[in-house]
Amino acid sequence: MSAWHPRETNPPSSILVFVDLPDGELDDAGKGILSEASRLAKTLQCDWSVLCFAGAATEALEAMTPYGAGRITLIEGPADLADAPELQARLLARAAAAAGAADVLLLPHNDLGGTLAPMLAAEMQAALVTEAIAYAREGVELLVTRQLLGGQVAETKGWAGNCPLVMTVNPKTLSAVVLPSMQRASLQLDRWQPAEPVAPGTTRVLERIPPDPQTVDVAEAEMIISAGLGCNEASFRQVEELTRLLNASLGATRPVYDLGYTGFERMVGQTGKTVAPRFYLALGISGSMHHLGGIKDSKRIVSVNIDSKVPIFPNSDEAFVADLREVLPLLVERVRAATGGAA
């Protein structure tokens, strides 16, 4: 496999992107990795196409076309394929080879992508870069940057195309947005199945346990309710009850941690955990620069504070001026009644 050259002398090879369709639908991770594949293809000036396992409805496949995904190869497998990650990796590797042995195989670094990537690299005898956050083309090399040690260290590696590359992208950098520069494709479906049976491997998924919002790493939480210095100890305990009633994760600012109300692992902000939940409720948080930097990627931010001039208000989707000592008991009572929670 040769290094890249300008298109007029030697067209680059293609990118394959693996898209998982949980419950037969295209989720945000799938949309995000499609968007990333489109951007990477522009960087490398090459074509790209999609690999996914068969079984999804046509609507889910059509949802990929706004990102430029025209050619989609559906991989046929047994009914219990979702519980056999080694078999998935082997089928993906063989399907990639049948599609023309593309230079790059791209996956999101979620539970499935992080599991499949090293297996795929072994099957394909490929280089492996996980949790990439940025990349750039420099001459014949693709420079890929990833973060280490909880984001404290950035590492950049060069890949010159002398072997295949399996690359996973950090979910926090993925965007499901369809950019104006993306050209909608016409759907073209191919079906592939192995000519001979493929060994399923020695590992199987026995059970899937949903994450417990009360114990999940706050950096991975989908819904966070955070308490700030505007909460005294009594109102903080009400915030804790609110998280239990709503199956949300508890967050806190540095002053709340300093007061001993909760542990360091629940601290949100640049000195704690950087978060990107779907919903972030800030209670009694003024919004220091460090805290705002740690929550800026949240999909929706709602804040409540007694002071209308706090910095978090202009950075919120919705903001309410209220005294938490009055609001929290009423809110907990209302939620308790709606959810049937114990008094």
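Reader: Leaving aside its neighbours within four places in sequence, which residues is V50 in contact with?

Author: First, a caution: this is a predicted model. V50 is in contact with V17, V19, L34, M64, A69, R71, I72 and T73. V50 has its place in strand β2.

Reader: What makes V17 a contact of V50?

Author: Contact means heavy atoms within 4.5 Å. V17 is on the contact list of V50, so the pair meets that cut-off.

Reader: How far apart are V50 and V19, in sequence and in space?

Author: They are 31 residues apart in sequence. From C-alpha to C-alpha they are 6.9 Å apart in space.

Reader: Why is V50 called buried?

Author: Buried means under 20% relative accessible area. V50 has 0%, so the word applies.

Reader: Where does S49 lie, and what is it in contact with?

Author: S49 lies in strand β2, residues 48–53. Apart from neighbours within four places in sequence, S49 is in contact with I15, L16, V17 and R71.

Reader: Now helix α8. How do you know that its span agrees with its 16 residues?

Author: Helix α8 covers residues 324–339. At 1.5 Å a residue, it should span 22 Å. Its end C-alpha atoms are 21 Å apart, so the span agrees.

Reader: Which residues of α8 are buried?

Author: They are L324, L328, V332 and V335.

Reader: How do you know that the buried residues of α8 line one face?

Author: Look down the axis of α8. The buried residues fall within an arc of 75°, so they line one face of the helix.

Reader: What covers the buried residues of α8?

Author: The cover includes α5 (233–246), β12 (279–283) and β13 (301–305).

Reader: Which exposed residues does the face of α8 turned away from its buried side carry?

Author: That face carries E326, L330, E333, R334, A337 and A338.

Reader: And the whole chain? How many helices and strands does it have?

Author: The protein chain has 8 helices and 14 strands. Of its 343 residues, 43% are buried.

Reader: How much of the accessible surface belongs to carbon and sulfur atoms?

Author: Their part is 51% of about 17300 Å².

Terms used: Residues numbered from 1 in each chain as written. Predicted model: local features only at pLDDT ≥ 70, side-chain atom pairs only at ≥ 80, totals over all residues. Heavy atoms only, no water. Helix = DSSP H or I, 4+ residues; strand = E, 2+ residues; numbered from the N terminus. Buried < 20%, exposed > 50% of the residue type's maximum accessible area, 1.4 Å probe, protein only. Areas by Shrake-Rupley, 256 points an atom, 1.4 Å probe, with all protein chains shown as cover. Expected span 1.5 Å × (residues − 1). Arc of directions from axis to C-beta.
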